[in-house]
Amino acid sequence: MALAPKRFKAAVESGAQEKSSADPLSAFLAWCGRAGVELNPKVRLSREGAVAGYGMLAAEELQAGEVLFTIPRTALLSQHTTSIHAVLQEAQESLQSQSGWVPLLLALLHEYTASSSHWQPYFSLWQDFRSLDHPMFWPQEERTRLLQGTGIPEAVDKDLANIQLEYNSIILPFMETHPDIFDPKLHTLELYKELVAFVMAYSFQEPLEEEEEDEKGPNPPMMVPVADILNHVANHNANLEYSPHCLRMVTTQPVRKGQEIFNTYGQMANWQLLHMYGFAEPYPGNSHDTADIQMVTLRRAALQRAKSEAQQQLVSEQWDFLCQLEMVGEEGAFVLGWDEVLTEEELSMTLKVLCMSEEEFKEYKEQDGWEDDSDEEENSTLSNEALSRLKTPCKKLLYDSVLLTLESYGADLKAEQDLLNDKEAYEKLSRREQQALHVRYGQKRILHQLLELVQ
């Protein structure tokens with residue numbers, strides 16, 4: 001491990017020569033020093049040189065395994081560290097929700113609007129959450145026009161419905177019972193929605209220990225100052241490590257002087273990045289990008305090729321059978337990566353069953369055939385090579401499903417490729433148009449790759 005990190009004092013002193021005390025970054029760095037955060041003097045926080053907003057850059061060359069900063073757990077902002085933690089703890093049963101985010105959001109509503117809050121220097125970096133440009137803030141017409149087919153409009157509709165439900169059924173009643181802390185005229189639905197986007201974009205969830213994974217749900221989100229300043233790329237060069245008393249950001253590879261230091265938000269497709277964080281990685285940067293084929297699209301393709309009423313009836317029975325096995329569902333999707341199908345078991349079984357003749361299907365059910373597929377399951381990885389070796393009926397069904405999926409987008413691949421290649425035309429696009437283009441183009445490239453594999 002390289003050079004031990006020093007206190008934030010050095011970072012404040014080096015930056016304060018050029019910055020006034022009113023500068024949000026200087027105030028934040030001073031707060032970090034008081035909160036016990038330790039920063040490696042070989043890194044700096046800055047807007048200049050970062051891909052978006054603030055970022056962390058290497059002031060000197062860094063080796064793999066260097067600690068970039070250490071943050072004590074007392075400096076994290078969560079439902080346990082907020083000044084109203086006792087009130088939240090007392091009401092924890094009534095604050096249960098589908099998202100699990102309500103206690104943190106109540107903490108943020110309070111701390112963000114309380115002038116005396118310990119966290120004000122932290123919030124000063126985000127003086128206006130309206131700068132968050134998640135699709136949930138886009139007009140519905142724009143969201144539909146730019147993101148049709150990507151899965152984002154449907155995800156946003158669910159988010160907005162859940163936010164409204166949580167606010168009306170949990171947040172408002174809680175605020176009414178604590179008028180000394182909350183005021184619905186100040187702590188509005190609009191501010192709540194902005195804080196949901198803030199949690200989406202900047203919070204962290206501590207991974208569960210392996211032995212805990214089956215026993216409890218995911219840990220609640222928390223805000224991690226400094227860590228949330230690092231931007232994301234799939235090919236990142238730093239990683240956040242958790243220990244009982246503190247969190248550390250550690251380099252995973254050497255970093256050159258002047259280079260930006262990137263964390264990872266996980267293996268996220270571009271549609272997930274835009275939905276949750278408000279940005280997408282330009283093609284071909286995101287090696288974790290995916291495209292979806294809705295499960296019901298495969299059923300639709302199978303019904304389209306059924307030439308008689310009896311064959312359509314068979315497809316319906318096969319689909320019901322797959323539903324009973326919990327292989328498919330009305331809202332589910334088969335997920336395709338660049339190199340393989342990520343939902344391989346579900347897609348393998350669905351293709352197999354939907355391509356059976358009536359006799360084969362009857363025999364399969366009678367023999368409880370799905371329980372005797374252990375040899376097949378061992379070899380069920382649907383890599384690109386395996387997809388190209390599928391039986392002809394399976395290939396045809398998959399091919400037709402891809403064509404139906406491509407129809408759900410507004411423009412074709414060629415038009416979007418031309419737009420990406422025309423630098424002048426691309427730069428005339430709004431930021432939202434550019435981000436949406438990267439999402440659509442990556443998905444269509446994966447779908448077209450699949451077409452080539454199964455034709």
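Tutor: Begin with Arg431, which counts as partly exposed because its relative accessibility is 40%. Buried means under 20% relative accessible area, exposed over 50%, and partly exposed in between (1.4 Å probe, protein chains only). This is a predicted model: local features need pLDDT of at least 70, side-chain atom pairs count only at pLDDT 80 or more, and totals for chains, interfaces and linings use all residues. Residues are numbered from 1 along each chain as its sequence is written, and side-chain values use heavy atoms, leaving out hydrogens and water.

Student: Which residue forms a salt bridge with Arg431?

Tutor: A salt bridge is a side-chain nitrogen of Lys or Arg within 4 Å of a carboxyl oxygen of Asp or Glu. Here the partner is Asp133, with the closest N and O atoms 3.6 Å apart. Asp133 lies in the loop between α5 (120–123) and α6 (140–147), while Arg431 is in helix α19 (residues 431–454). They are 298 residues apart. Helices are DSSP runs (H or I, at least four residues), numbered from the N terminus.

Student: Why does Asp133 count as buried?

Tutor: Asp133 counts as buried because its relative accessibility is 17%.

Student: Where do Glu142 and Arg432 sit?

Tutor: Glu142 is in helix α6 and Arg432 in helix α19, 290 residues apart. Their side chains meet in a salt bridge at 2.8 Å, N to O. Both residues are buried.

Student: What about Arg440 and Glu416: buried or exposed?

Tutor: Both are buried. Their salt bridge has its closest N and O atoms 2.7 Å apart. Separately, salt bridges that share partners join Asp133, Glu142, Arg431 and Arg432 into one network.

Conventions. Helix = DSSP H or I, 4+ residues; strand = E, 2+ residues; numbered from the N terminus.
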